[in-house]
Amino acid sequence: MRQEGWENRLEELVQSKRNQPFDWAENNCVGLVAEAQLTITGKTDFPEVLENIGSKHNAYRLILKHGKNITEGANKYFKAIPITMAQRGDIVELETCEGPAVGLCIGAKAVFIGKDGLEYIPLTSLIRAWRM
């Protein structure tokens, strides 16, 4: 359940990530979702992701702990919804050249952690969404 005032806290989280480049150890897509879940609901299903992951290998190991891949892990904890139903604070997925990445819907666009900070992607480019 979303807590009162989550909208402002989510905006603060997004602003804090705006110029932080992707880093497997400290600033990655799964960590963004875990931080957003904590920000919006007051808890997270992925507390271990909020710690320093250390490497790409460790990140994948943590993902596999929750499912065969990011999609299966998200399906385990969140309700899948049509992308057209995604609203602010929902989790979204994008296929990248490196594989799937998760981000957050912030309205008409979604944010993902990119090499130079947040990247803003139109919802029409997404492949999946889940209700936070």
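The largest pocket holds about 550 Å³ of space. Here a pocket is, on a 1 Å grid over the protein atoms alone, an open set of points with protein on both sides within 12 Å along at least five of seven lines, and lining residues have an atom within 4 Å of a point. A volume is the space filled by probe spheres set on the points, with grid points joined across faces, edges and corners. This is a predicted model, in which local features need pLDDT of at least 70 and side-chain atom pairs count only at pLDDT 80 or more, while totals for chains, interfaces and linings use all residues. Residues are numbered from 1 along each chain as its sequence is written, and side-chain values use heavy atoms, with hydrogens and water left out.

**Largest pocket**

- The pocket is lined by 23 residues, and F22, T96, E98, P100 and A101 are the closest to its centre.
- Two or more lining residues come from each of α3 (56-66), β2 (91-96), β3 (99-105) and β4 (109-114); helices (H or I, at least four residues) and strands (E, at least two) are DSSP runs numbered from the N terminus.
- The pocket lining comprises 14 nonpolar, four polar and five charged residues. In this classification Ala, Val, Leu, Ile, Met, Phe, Trp, Tyr, Cys and Pro are nonpolar, Asp, Glu, Lys and Arg are charged, and the others, Gly among them, are polar.

**Largest cavity**

- The structure holds one cavity of 30 Å³ or more, a cavity being a set of grid points where a 1.4 Å probe fits but cannot get out.
- The largest cavity contains about 180 Å³ of space.
- Its lining consists of 13 residues, with V30, F46, I70, G73 and A74 nearest the centre.
- Helices α2, α3 and α4 each give two or more residues to the cavity lining.
- Ten of the cavity-lining residues are nonpolar and three are polar, with no charged residues.

**Overall fold**

- The protein chain has four helices and six strands, arranged along the sequence as α-α-α-α-β-β-β-β-β-β.
- The radius of gyration is 13 Å, close to the 14 Å that the globule rule gives for 132 residues, so the protein chain is as compact as a globular protein of that length. The radius is taken over C-alpha atoms, and the rule is 2.2 Å times the number of residues to the power 0.38.
- Along the principal axes, the C-alpha atoms fill a box of roughly 35 × 30 × 25 Å.

**Sheet**

- Six strands in the order β1-β6-β2-β3-β4-β5 make an open sheet with antiparallel pairing; two strands pair if DSSP finds at least two bridges between them.
- β1 (79-81) and β5 (117-122) are the edge strands, each with a single partner, so one side of each has no neighbour in the sheet.
- β1 pairs antiparallel with β6 (residues 128-131) over three bridges, and A80 stands opposite W130 in β6.
- Three bridges also link β2 and β6 in the antiparallel sense, with R128 in β6 as the bridge partner of E93.
- β2 and β3 are paired antiparallel over six bridges and joined by a hairpin through two residues; L94 stands opposite A101 in β3.
- β4 and β5 run antiparallel with six bridges, and a hairpin of two residues joins them; I113 stands opposite L118 in β5.

**Helices on the sheet**

- Helix α2 (residues 29-41) lies across β2, β3 and β4, at about 25 degrees to β3. Contact means heavy atoms within 4.5 Å; angles run from 0 to 180 degrees between N-to-C directions, and axes are lines fitted to C-alpha atoms, for helices over the stretch in contact.
- Helix α4 (residues 70-77) packs on the sheet and touches β1, β2, β3 and β6, its direction making about 25 degrees with that of β6.
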